[in-house]
2 protein chains.
Amino acid sequence: MVEVSFEQISPADFFYRNRDIAGFSNPSRALYTSIRELVENSLDAAEIGKIPPNIVVELTSEGTSENEETSIYRLKVEDNGIGVAPEYVPKAFATVLFGSKYGYKQNRGTFGLGGTMALLYGQITTNKPATVISSTGGEEVHKFVLMIDIVKNEPKVFKHEVFENKEKWRGTIVEFYLEADYTGSRAKILEYFKHTAIANPHTSLLFIDVRGRMYYFPRATEKVPEPPVESLPHPVGVDVEAMNRLLSNSKEKSMLSFLVSNFQKVGEKTAREVLELAGIPLETDPKKLSHEQVAALVDAIKRYNKFRPPDPSSVSPIGEELLRIGIENMFKPDFVYVVQRPPSSYSGYPFVVEVGLAYGGEIPPSESIQLYRFANKIPLLYDERADVVWKVVTERIDWSNYKIPKVAPIALITHICSPKIPYKSVGKEAVADRPEIERELVIAIRETARQLRLYLSKIEKKQTAVKRLNIYAKYLPIIAKCSGELADKKPPDISNLLNRLGIDKELLKETHEKILKEIEEKYTVTGEG
Amino acid sequence: MVEVSFEQISPADFFYRNRDIAGFSNPSRALYTSIRELVENSLDAAEIGKIPPNIVVELTSEGTSENEETSIYRLKVEDNGIGVAPEYVPKAFATVLFGSKYGYKQNRGTFGLGGTMALLYGQITTNKPATVISSTGGEEVHKFVLMIDIVKNEPKVFKHEVFENKEKWRGTIVEFYLEADYTGSRAKILEYFKHTAIANPHTSLLFIDVRGRMYYFPRATEKVPEPPVESLPHPVGVDVEAMNRLLSNSKEKSMLSFLVSNFQKVGEKTAREVLELAGIPLETDPKKLSHEQVAALVDAIKRYNKFRPPDPSSVSPIGEELLRIGIENMFKPDFVYVVQRPPSSYSGYPFVVEVGLAYGGEIPPSESIQLYRFANKIPLLYDERADVVWKVVTERIDWSNYKIPKVAPIALITHICSPKIPYKSVGKEAVADRPEIERELVIAIRETARQLRLYLSKIEKKQTAVKRLNIYAKYLPIIAKCSGELADKKPPDISNLLNRLGIDKELLKETHEKILKEIEEKYTVTGEG
């Protein structure tokens, strides 16, 4: 008989063993992911307090190994968010799967993982503790020096100091060491900051890199977007487990009132119909539902197809105007068209798709369309080909329908926002191809592509017109002149004729002066003959 | 001030909230992933006991909802593996991150996740308990009926029965209910079984589907491959955390003997040099190393570049012969070439790349190469474009160098095996592009492509030769005959001449008879004239 021993590992240990899953697969990507996770925590911490975020990221080299690709860096991220109460700091930063409780609304982070993973990665590559300084704006500033006990998934606090908060500072500073490769990740990091600034124009971002170079992305607006509202769950998104949790927390006396008060879009009429479909008496005590009744209830909700769509107030899109401004700042394009789709939903979660298509300007011409993907206002820069947007662009849209040249300067910007983005990985880089999301993307992209076709047709028409103008401009005036001379009249007005050929006055005037010389030079001589 | 409350969630709760990450993103993929995880556990359970696996998978519809895309299924997977001791059954199947302890060797599963995730998914979609029956071949068979307490990450056992094991049965049966979509996943599931049979020719697999159709994949060989050997870790793969764990478990008295006895490829000379590089005295007590010394030791190991590569005995490749047989059974190709690369390593983990390239036969002609990816003898069927193989095939290999027609019947089969496959996600569908793995793939694929070019050149040459032969066959014999008649001699031997034109004797003979008739018919008449 083969002896097998078993063991249980902590979630910290699991992610320590499987760090590729969380985006820490190599020193270059680990640096990128660390910065990203901390910046996103900072954005959330400011947004929740309706504070225009000021974020400063500082990267310093601490490396002694010279001719190596990787070395040791110190990474410091400071924000002016709401801060973390001191009793929560050690666990919030040094326990995996411990995080701020958030309900049914749009957030950037994955619950209790990102920031801690960055510190965990730093710890296992440098064995140095991290420093967290935070204040909620009260009388005190707290400073913790800590590490993660990976086996136990617990914080080990080495030092805890309390300072008087004379300046009423509020925010959080995280500082730690990690083995990284800045040379290999610099381009992605800068791209990340640039795109984050576009999707969060109320944010001020300062990045000071290893060589002391400063990259400053000032805020484009003081207006802080309304933070997404936390709302009740939509019944369609609730499975047996979630239903059991709601039932066990409920203080309602009957299933009828339980359904009405725990879900959005459920009034008394709907609740009655659902319970009837499930074969559950209206007055049943929510605490006394059997296993089978819970399953029947969830099943009835799936079969009941008369729910109104989920409330989109838990979703916070960028908005057509800000998206357009962002794209214009980014590419100075000749053409840009932005579409915001109405709220839709998948599995009970509302979502909104926003799409911008830009052409020309500073976009480098290419055989393929440049994609710029965003989800919940954060840029997605890796695993492009695994993303639903890639699938839609390469498989669902027939670009040959839109008169786009083979090599063209086109950029497509997409933003998906939802209280729950169906990411394919903890690393949050690719969105899964849920059919409902795919469909909205197809509609929005087609709409922008049609507008681009119109624009390109106009351009083409103008170019054809210019060609025609060149031809007519060459011969018509001469013919007119000759005819005039023959008839001894002043040359006839040919503008009507040109107009009918699609050459308007403005274009005529514009081209006229340019061509006049040429005509004069060439044909005045001929005219003498 | 904004009040934020914090909470800690269990790993079961984390994966319940993020099931897309583990491959349970929709009813179709969830069924595929469930079958896959259980079959892979069964394969591991047989392999560890050197038992030729017999695996029976049975899917039965329990659905009441008729016109729905999804319905309720019962999934039962039975194997003849080593079984699970009764004291471990509840936790092994109903606790996330609890699993059989495995060390430094090749395995199929992700530690303590796959099987439990399948049961968790079943539970949250049906609210029904699962049944696990197991015996290690002793006097008793144990049957458990259980569910997962997701909030606590603990098993809830409803029933535990013990039976007398009269027939000395050994193995495990897992049976549970889940909401799924078999119509949408059938093709992938059958593909999965087919490919699993190819990579595991010692396995007998029987699948009985919803309509009672039986798919039987009999074993192709009785020879059970040597199970991969568990070995000591290679120093290069050990980070600070792993080093701390080894140090705290060590019974050695000095760092010198600690290094020699805890790592592969470290003898006394190497250990001395590494400790010198780290500035740690040889006789230091392993339990008394400071934080800084541990970090210095790990850093010294990274800088010390004279280690011999890791021991590949913990890796179990398919082998060139079995891989070729598998590919031949699969496609009946006109051409197949298989390459097994010598063991290589990344971050201290050994790995072996095996590649087969097949052409013609039953491979459908296409503009793109058909990819068949395997890792540790399991097929990878999703997220192809996120995989390192896709990257290599589309970006690193210039296929135009290999004379391959635009539309061609080509299949590329790749197998990566290692004690640690760097998957990009818990769903185990895409391998990360570690540079070392990428490099081995490039070399192996290029080698197979060169062989294909040779084959295609021969084909082309043969075709050209046949064309030439047709021409020469038409005229040469006549010329020869006429010349012969003129000179009153028997026709000269033209085989040397044909040889110089690239037409060998075999080909000549082969074509000769076929063409002879045509010549006779056409030219005998002309010869008379």
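These are my notebook entries on a predicted model with chains A and B.

**Entry: chain A as a whole**

I began with the overall make-up of chain A. I found 14 helices and 16 strands in its secondary structure. Of the 529 residues in chain A, 46% are buried. I then looked up contacts between residues at least 6 apart in the sequence of chain A, and 74% of them join residues at least 24 apart.

**Entry: the two copies**

How is chain A laid on chain B? I noted a turn of 180° with a shift of 0.1 Å along the axis, and the RMSD is 0.1 Å. The two copies are therefore related as by a two-fold rotation axis. I also checked the contact residues: 100% of those of chain A recur in chain B, so the same surface serves both copies.

Next I turned to strand S9 of chain B, residues 204-208. Which residues form its covered face, and which its uncovered one? I listed B:Leu205 and B:Phe207 on the covered face. B:Ser204, B:Leu206 and B:Ile208 make up the uncovered face.

I followed S9(B) to its partners. Strand S2 of chain B, residues 54-61, pairs with S9(B) in the parallel sense over five bridges. Here I found B:Asn54 opposite B:Ser204, a residue of the uncovered face.

Strand S10 of chain B, residues 214-217, pairs with S9(B) in the antiparallel sense, over four bridges. B:Phe207, from the covered face, has B:Tyr215 in S10(B) as its bridge partner. The hairpin of S9(B) and S10(B) has five residues between the strands. In this hairpin I noted B:Gly212, with a positive phi near 80°.

I kept a reminder for myself here: most residues other than glycine have a negative phi.

Where does A:Lys377 lie? I found A:Lys377 in the loop between strand S14 (370-375) and strand S15 (378-380) of chain A. Is A:Lys377 buried or exposed? A:Lys377 counts as buried, because 23 C-beta neighbours lie inside 10 Å and the cut-off is 20 or more.

Conventions
Residues are numbered from 1 along each chain as its sequence is written. Chains are lettered from A and ligands numbered from 1 in the order in which they are written. This is a predicted model: local features need pLDDT of at least 70, side-chain atom pairs count only at pLDDT 80 or more; totals for chains, interfaces and linings use all residues. Copies are superposed by least squares on the C-alpha atoms of residues with pLDDT of at least 70 in both. Two residues are in contact if their C-beta atoms, placed from the backbone, lie within 7 Å. Helices (H or I, at least four residues) and strands (E, at least two) are DSSP runs, numbered from the N terminus. A residue is buried if 20 or more other C-beta atoms lie within 10 Å of its own, exposed if 12 or fewer, and partly exposed in between; C-beta atoms are placed from the backbone. Two strands pair if DSSP finds at least two bridges between them.
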